[in-house]
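I opened my notebook today to look up a few spots in this structure. Come along and check each entry against the view below.

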Amino acid sequence: YLTEETKQVLRLSLTEFSLPKFYLLFGISKVKSAAVIAFRSSYRDRSFSPGSYERETFALTSLETVTEALLEIMEACMRDIPTCKWLDQWTELAQKFAFQYNPSLQPRALVVFGCISKRVSHGQRGLIIRILSKGLESCLKGPDNYNSQVLIEATVIALTKLQPLLNK
């Protein structure tokens, strides 16, 4: 059962996520209502198709903000549920994808891993630095390599978030 304090955190978060300023963080700023785009389907609305609206890019800084907001919600709920392992599972999944090469998922997973981790090992830090190194090498080969630039940005965000967890 959730305490009244936790319920209040959930209400405030839901209200905040419903504000138009948060639509941009979720990559849907060009709609009047998030529900319009979320529940639209080609079956119910024949005018909708994946190419009928312009896709917006989802910035890593937006992902960082959304992840921190979701972490706050999760931590509030976990205080009331003693056996909850949600954060451990989320961290495990983020770590799995952060250290596995995938141009679409790896940068996002690195940012999430950096935001939600409560501890970082020497080996994990080394892997992130190796990923940064490979991204820099790739950029030197061709400065137009967008995926490498995104990977570099993601590793910098992750290392910045993990820095307070490192041994002095």
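**Entry 1: a covered helix.** I looked up α6 and found that Gln106, Pro107, Ala109, Leu110, Val111, Val112, Phe113, Gly114, Cys115 and Ile116 are buried (under 20% relative accessible area, with a 1.4 Å probe and protein chains only). That makes 10 of the 11 residues in α6, a mostly covered helix. I take helices as DSSP runs of H or I, at least four residues, numbered from the N terminus.

**A note on what I am reading.** This is a predicted model, where local features need pLDDT of at least 70, side-chain atom pairs count only at pLDDT 80 or more, and totals for chains, interfaces and linings use all residues. Residues are numbered from 1 along each chain as its sequence is written, and side-chain values use heavy atoms, leaving out hydrogens and water.

**Entry 2: its neighbours.** What do the buried residues of α6 pack against? I noted α4, α5 (86-98), α7 and α8 (146-162).

**Entry 3: one pair.** I looked at α6 (residues 106-116) with α7 (residues 122-141): they pack at about 145 degrees, their axes 13 Å apart. The axes are lines fitted to C-alpha atoms over the stretch in contact, and angles run from 0 to 180 degrees between N-to-C directions. Gln106, Leu110 and Phe113 of α6 make the contact with Gln124, Ile128 and Ile131 of α7 (contact means heavy atoms within 4.5 Å).

**Entry 4: Asp80.** I found Asp80 in helix α4, residues 60-80. Leaving out residues up to four places away in sequence, Asp80 touches Tyr1, Leu2, Thr3 and Thr6. A polar atom of the Asp80 side chain lies 2.8 Å from the backbone nitrogen of Thr3.

Conventions:
Helix = DSSP H or I, 4+ residues; strand = E, 2+ residues; numbered from the N terminus. Polar contact = N/O pair within 3.5 Å; in protein donor to acceptor, adjacent residues only side chain to side chain. Buried < 20%, exposed > 50% of the residue type's maximum accessible area, 1.4 Å probe, protein only.
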